[in-house]
Each structure stands twice: as C-alpha cells, then as structure tokens.
Amino acid sequence: MLMAIGAIIAGLILLVWSADKFVEGSATTASHFGMPPLLIGMVVVGFGTSAPEMAVSALAASQGNPGLALGNAYGSNITNIALILGITALLAPIAVHSQVMRKELPILILVTAFAGWQLWDGDLSRMDAIGLMLAFVVLIGWSIYQGLRQPDDALAKEMTEEVHAMPVRKAILWLVVGLLLLIVSSRILVWGAVDLATTFGISDLVIGLTIVAVGTSLPELASSIIAARKGEHDLALGNILGSNLFNTLAVVGIAGLIAPMPVAPEVLTRDFPVMAALTLVLFAMCYGFRGPGRINRFEGSALLLAFVAYTVYLLAFSGA
C-alpha cells in the first residue's frame, strides 16, 4: 500500500512538472514557427494541459482499466469547472471579454451532448471513438479558422504576453523531454492508482474521478490561478474550456480507439449528468447575455461547494 501511495505522489509530481515543460516547449516552438498567439492559446496550450489526461487514460485503456480511463477524463472536467474555476474566482472574479470564448461555450455544450449520446448504449465502441475523434478534428479546424479571423481577440493579446522567450533548440528539447516524462510518469501513476484501488476495494472509476482527476488537472489549476491574478481572465477561462473540449473528445476518443470499453452504469446516472450540469452552469455564468460574462466570488463559492459535495458523495459510496 505504501508503495502504491508513493507511486501516486511521485507520478503526480513528475506528471505536473513534465506537463509544464511540455506546454512551455510546445508553445514557444509554435511561436518560433509563426503560429498566431490565439491558436497557441486555444490549440497548443489546450493540448498540452490535457496531455496528462491523454497519457493516463490511454495507458489505463491499454491495460484493461476502462473505469480509470473514463473517470480520469470526466473527473477532470468536473474538477476543472467546480474546483479550479471555483478557486480562481474566489481569488479574482473572472470577467469574459473574448468573443472566441463566447463561441466556445455553446460548442462545449454541444460536444458534451454528443459525447453523452455516444455513451448512451452503455458501450464505447471503436466507431464511437472514431466519431469523437472526427468531432475533435472538426473542432481544431474551427479553432484555426477563428484564430486566423480574429487575430486581435482579447485572448490573443493575453496569450502574447504568456509565451516566454526561449531559443528554439531549447524549446524543442523541453517539448521532447516533457513528452517522454509524461509517458513515464503516467505509467507510475496508473500502477499506483490501480494498486491502491485493489487494496481498498474501491473501483478504479472512483479513483479516476478523484485522486487521478485532481492530479492530472493540476496544470490547469496553476495556469488559471496565475492568469487570473495577472488579470488575464479570458486566458484563465480559455485553459478550462480548451481542456474540457480536449478531454471530452480526444482523451476519451484515444482511449476508445486503443481499447473499446463498457461504460459503467454509474457513469451514465451519476458522473456524466454532474459534468453536463456543471457545463450548463458555466455557460449561464460566462456567456454574458447582456454584456461581458462573469464568475463572481459567490458563484465561485457555489462551484467549490458543488465539488466538495460530489467528492464526499463519491467517497461515501466508494464501493460503487
């Protein structure tokens, strides 16, 4: 048991550090090759901050742990909205000025509905996974189109300030090192999580929804808090929207392509509805029907309370 706990802690620390280096290296490399700042923020950074979820879910699927694969993806989405945006809004209320962000909010709702439809029959088949990946490709194409159309968007200005100056060789080195360490750390983390679940008789789904989901979401937590404290509110929200879109489509899609899997009934009756409800709440808070959207401190507190209530419920029924 102690080895499993140690593996989880070491895996999470290495995972977060390697993800940070991977994001920094990939964003700077993209900047060196002339990619617009808005695309770096929406595509490169979105991909990079979801790299831990991708690595862990892909490995879990390949090793026959579907609960861990799905729990990590959907648990990360729940954590992103309820925990990370809740904490971020408490530190600094989040105002939404970016038009691209306002367009991504309804797209996240559509993507969530599409993912729910794919899982409705209780099975994630390879065809379902292909559908998710095709939707992901369309989303990336749309993001590129929007980035080229609106180079002066508020998110683009904030992203320009975030890309660090670094020689291209060093950036590529960090990109490669970060990616390799992501794979190694995800292996350590998955082994520890599965072993801990077996020891305590907890389902790998619950482990994925709690410990692993929070751990793999730490890069989003760090980047959102830093962005919000700097007043870069659209970047803080953009990190979360981008990550949730990637998790719902690419993370689950890649896991399903590697190994088609059954969907536990509680995912459909408990976890997915919670994720969908939080997505609708986020839309209501941030869309801004009569001006800029905003998550104030009261709403941030409500999101945090929702996360605590959901986590306590999960742990109280951890044998599910």
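A crossing of two helices is right-handed if the near helix is turned clockwise from the far one by less than a right angle, and left-handed if anticlockwise. Keep that in mind for these exercises on a predicted model, where local features need pLDDT of at least 70, side-chain atom pairs count only at pLDDT 80 or more, and totals for chains, interfaces and linings use all residues. Residues are numbered from 1 along each chain as its sequence is written, and side-chain values use heavy atoms, leaving out hydrogens and water.

**Exercise 1.** Work out how helices α4 and α9 are arranged.

*Solution.* 
- Step 1: Find α4 at residues 66-91 and α9 at residues 204-216; helices are DSSP runs of H or I with at least four residues, numbered from the N terminus.
- Step 2: Their axes, lines fitted to C-alpha atoms over the stretch in contact, come within 7 Å and cross at roughly 45 degrees.
- Step 3: α4 passes α9 in a right-handed crossing.
- Step 4: The contact (heavy atoms within 4.5 Å) includes T79 and L83 of α4 and A213 and V214 of α9.

**Exercise 2.** Is T79 buried or exposed, and which residues does T79 contact?

*Solution.* 
- Step 1: Locate T79 in helix α4.
- Step 2: With a relative accessible area of 1%, T79 is buried (under 20%; exposed is over 50%, partly exposed in between, with a 1.4 Å probe and protein chains only).
- Step 3: Leaving aside neighbours within four places in sequence, T79 contacts I84, A213, V214, S217 and F307.

Technical notes: Axes are lines fitted to C-alpha atoms, for helices over the stretch in contact, and angles run from 0 to 180 degrees between N-to-C directions. Helices (H or I, at least four residues) and strands (E, at least two) are DSSP runs, numbered from the N terminus.
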